[in-house]
2 protein chains.
Amino acid sequence: MGDLVENKEWYVAAYSPEGVPTSDHLKLRTVSLSLAHESIPDDHLIVETLLLSVDPYLRGTITGTLEGLFIPQYQLNQVLTTFAVVRVIRSKDSKYSEGDILLNGYGLVAEYSIVPSSHIIRKIDPANGISLSDYLGSLGVPGFAAWLGIEVLGNPKPASNVFISAASGAVGMIAGQLAKIRGCRVIGSTGSDDKVKLIKEKFGYDDGFNYNIESDFDAALSKYFPDGIDVYLDNVGGKMLESVLNHVNKNARIPLCGMISQYNKVWTEREGIRNLLNMVGKEVRMEGFMIKSYLHRFGDFVKDMEKYLQEGKIKPKSKINIGIENFLESLNSVFSNSNIGKVVVQVKA
Amino acid sequence: MGDLVENKEWYVAAYSPEGVPTSDHLKLRTVSLSLAHESIPDDHLIVETLLLSVDPYLRGTITGTLEGLFIPQYQLNQVLTTFAVVRVIRSKDSKYSEGDILLNGYGLVAEYSIVPSSHIIRKIDPANGISLSDYLGSLGVPGFAAWLGIEVLGNPKPASNVFISAASGAVGMIAGQLAKIRGCRVIGSTGSDDKVKLIKEKFGYDDGFNYNIESDFDAALSKYFPDGIDVYLDNVGGKMLESVLNHVNKNARIPLCGMISQYNKVWTEREGIRNLLNMVGKEVRMEGFMIKSYLHRFGDFVKDMEKYLQEGKIKPKSKINIGIENFLESLNSVFSNSNIGKVVVQVKA
Ligand SMILES: NC(=O)c1ccc[n+]([C@@H]2O[C@H](COP(=O)([O-])OP(=O)(O)OC[C@H]3O[C@@H](n4cnc5c(N)ncnc54)[C@H](OP(=O)(O)O)[C@@H]3O)[C@@H](O)[C@H]2O)c1
Ligand SMILES: NC(=O)c1ccc[n+]([C@@H]2O[C@H](COP(=O)([O-])OP(=O)(O)OC[C@H]3O[C@@H](n4cnc5c(N)ncnc54)[C@H](OP(=O)(O)O)[C@@H]3O)[C@@H](O)[C@H]2O)c1
C-alpha cells in the first residue's frame with residue numbers, strides 16, 4: 001500500500017432545515033490522505049472503514065438544528081461521523097495492532113481515517129459467531145436504545161401489553177424481541193405488509209399492523225389492544241403517539257426513543273398532541289432518553305445482548321448497502337418504508 | 001333541634017360536556033331529612049357541614065366524562081360530593097362523639113348528611129392553631145397534590161429553577177412555598193397583576209407574571225428563565241405547557257397535576273402540543289398523578305404540612321364564600337381569574 005491514498009468522504013455542503021436531505025446537502029469528494037506511520041501522532045491509529053452505521057439522528061447534523069433532538073450541527077465542509085467498524089492499518093497505541101477490528105464511536109464517513117484511540121469503543125473478535133454488522137445494530141446505537149427503552153425505562157411486567165412503532169427497524173426489531181424475552185404480549189406497527197410478516201415470523205412479535213393500510217390508528221389500537229397498552233416504545237411520534245394516549249392503561253410508561261415521523265418538519269409544523277390530559281387521569285410516565293447519557297450502562301447492555309445473540313434468543317437483521325457512494329441513499333431510506341432492520345453501508349469487505 | 005330538618009343540597013340536573021357548568025346543570029333543592037338517632041345504622045354518623053372544598057375536578061363529574069381525568073360521572077339527580085369539614089350531631093360509632101369536628105372524604109354538598117364512619121379521614125383538633133379551612137386547602141386535596149408534585153415527583157434540587165402555573169391557586173400557592181423551602185428559585189404564572197403581587201409578597205415566589213398580559217409565553221419564559229426550567233408543575237396544560245417545553249433543561253421533570261385551561265373542551269378541540277420531541281433531546285420526564293393513588297403517603301404529607309403551618313413556614317390563603325347557595329358560583333370561580341388561594345364554601349360557622 002502506497003503512503004498516499006485517494007480517500008472518498010461524505011461532507012456537509014449545505015444545510016437543510018426541512019424535507020429529506022439531497023445531493024445538494026451531502027456530497028461525496030475525494031481527497032488525498034497520507035497513510036505513512038510517521039504522519040500520525042502518538043495514541044492514534046490509521047484505520048480503513050469496513051461498515052458504517054446509518055442512523056436517523058444524522059438528519060440532525062445537517063438541519064441547522066433538528067429541533068427537539070439538539071444534535072450538534074456540523075459545520076459546512078465537515079465530514080459526517082457515525083458508528084463504524086474499522087480495521088487498523090497502522091497503530092501508535094500499544095493496545096491495538098495492525099489487522100485489529102474495532103468499533104469506532106466517531107467514525108468518519110470516509111474510506112480511511114486517522115483516529116485518536118480514545119474514540120475506540122471496543123475491540124471486536126471476528127471469530128465469536130457474531131456478524132460484523134451486528135456491532136452497529138443489535139450491539140450498537142439502535143440495540144442500546146432498544147435495551148434502554150425496554151429494560152431500563154419501559155420495564156414491562158410479564159404478560160403486560162407492549163406496543164412498538166417502527167417495529168421492523170433497527171431499534172424496533174431488538175425492542176420487540178427483548179419484550180418477548182420478558183414474557184410480554186408485543187404488537188408492532190410498521191409501513192408495509194411484508195414488514196408486518198417479518199416482525200411476526202422473524203422477530204417473534206405476537207401481531208402487528210401496517211399503519212399505511214390501517215390508517216385509523218385509534219381503530220387499529222382498539223383491535224390490537226383490547227386490554228389497553230402498558231408500555232409504548234415511541235419511535236415515530238405524531239398521530240401514532242396521540243392515538244396511543246387514548247389506549248393507555250393506568251401507570252403506562254412511554255419511553256420516547258425518537259419521533260421519526262416529525263423530523264423533517266420545523267417544530268411549529270409538527271403534529272400537535274391534543275390528549276396529554278389522559279396522562280393525568282391514567283398517571284402515565286413519558287420520558288425521553290438519549291443513549292449518550294447512559295454510557296455507564298453500555299457494558300451491562302453488551303453482556304446481555306451478546307448472550308442473547310449467541311444463544312439465538314435475539315435474531316437481528318441487517319440491510320447492507322455496498323459502496324460508500326450509497327451513503328446518502330441509505331440515509332434517505334430510513335425516512336421511507338424501503339429499509340428493513342439495521343441499515344449499514346459496507347465500505348470494504 | 002327537631003328530628004326533621006329542611007336540608008339544602010346541590011344535585012346534578014343535566015350533563016354539560018363543554019363550557020362552564022350553569023344552573024341548568026347543577027341545581028339546589030330542599031329535602032327533608034330525619035336527624036333522629038334511631039334513623040341511622042351502626043357505624044354511621046349524622047353530621048352538619050361546616051365547610052365544603054371547591055375543586056376543579058368536580059367539573060368532571062358532570063361532563064359526561066371529563067375526557068382525560070377519568071373522573072367517574074355522577075348520575076342525574078345525584079348529590080355532589082367533595083372533601084368537607086363536618087361536625088358530629090349524632091354518632092353510632094364509639095370513636096366519634098357529638099361535637100367532634102371531622103374531615104369527610106366524601107362530604108355531600110348539603111347542609112346535613114348521614115355518613116358511614118369509613119368516609120372519615122381524620123379528627124380535627126380545633127385548638128391546634130390551624131384554621132378549619134386549611135384542612136381543605138393546605139392539608140386537603142390541593143395541598144396533598146402540591147406536596148406530591150414537588151416533594152415526590154418533581155423533587156427539585158436546591159438552587160434549581162422551578163416554574164408553577166396557576167401559582168396563586170390552592171395547589172400553586174402551596175407548591176411554590178414547598179419549592180422555596182427546598183431552596184429553589186421559584187417563578188409563577190397567574191391571571192392578574194394582583195395575584196402576581198400576592199405570590200411574591202405572601203407566598204414567597206421569587207418572581208411571577210400575569211399570563212393575560214405577558215401573553216407571548218415563550219418570550220416571558222425566556223425572560224424569567226435565562227438558565228432554563230428544571231421542574232415545571234403543570235396545572236394548566238395547553239399553550240403554557242408547549243412553551244415550557246421550549247425552555248426545559250436536560251433531565252427536567254414535569255409533574256402533570258392538571259390542565260385546567262383544557263377542561264371545558266372535548267379532547268379533539270384541545271390545544272395540541274407540537275414540540276414533544278424536545279423531551280427526547282432534553283431527556284425530560286413528564287408524569288401524571290392523581291392523589292387517590294398515593295393515599296399511603298397521606299400520613300407523611302400531613303406530618304410535614306402541619307409542621308410547616310405551625311412553624312409559619314407555609315402561609316396558606318383561603319377564599320371563603322359564605323352560604324351553600326354559592327356553591328355553583330364558587331365552582332365557576334375556579335375556571336376564571338376571580339378566585340385566590342383555596343376556595344371553600346362555608347355552610348355553617
Ligand atoms: N434516543 C436515542 O438515543 C436513539 C438512538 C437510536 C435511534 N433512536 C430513534 O429510534 C427511532 C428508530 O431508529 P432506527 O435507527 O431503528 O431506524 P429504523 O427504524 O431502522 O428506520 C427508520 C424507520 O422508521 C420508519 N419511518 C420512517 N418515516 C416514518 C414516518 N413518517 N412515519 C412512521 N414511520 C416512519 C420506517 O419504517 P416503516 O416502514 O416501518 O415505517 C423506517 O424504516 C428513530 O426515531 C431514531 O431517531 C433514538
Ligand atoms: N392530580 C390531582 O390529584 C389533583 C388534585 C387537586 C388539583 N389538581 C389540579 O390542580 C390544578 C389546580 O387546582 P386547584 O384546586 O389549585 O385550583 P385553583 O388553582 O385554586 O383554581 C384554578 C385556577 O386556575 C386558573 N385558571 C382557570 N382557568 C384557566 C385557564 N383557562 N388558563 C390558565 N389558568 C386558568 C385560575 O387562576 P389564574 O387567575 O391564575 O389563571 C384559577 O384560579 C387543576 O388543574 C386541578 O385539576 C389535581
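Sort the shell around ligand 2 by class and you get 17 nonpolar, 10 polar and one charged residues. Keep in mind that this is a predicted model. In total, 28 residues surround the ligand, and here's a look at who they are and where they come from.

**Who sits around the ligand**
- The closest residues in the shell are B:T190, B:K195, B:Y211, B:Y263 and B:N339.

**Polar contacts to look for**
- Start at B:V171, where a backbone N or O atom lies 2.7 Å from an oxygen atom of ligand 2.
- Then try B:N337: an N or O atom in its side chain is 2.8 Å from a ligand oxygen.
- Over at B:C257, a polar backbone atom is 3.0 Å from a nitrogen atom of the ligand.
- How much of ligand 2 does the protein bury? On its own, the ligand exposes 900 Å², and the protein buries 91% of that.

- For chain A, the average pLDDT is 94, and 99% of the residues score at least 70.
- For the complex, the predictor gives an ipTM of 0.94 and a pTM of 0.95.

Key
Residues numbered from 1 in each chain as written. Chains lettered and ligands numbered in written order. Predicted model: local features only at pLDDT ≥ 70, side-chain atom pairs only at ≥ 80, totals over all residues. Heavy atoms only, no water. Near = heavy atom within 4 Å. Polar contact = N/O pair within 3.5 Å; in protein donor to acceptor, adjacent residues only side chain to side chain. Areas by Shrake-Rupley, 256 points an atom, 1.4 Å probe, with all protein chains shown as cover. Nonpolar A, V, L, I, M, F, W, Y, C, P; charged D, E, K, R; others polar. pLDDT = per-residue confidence, 0-100.
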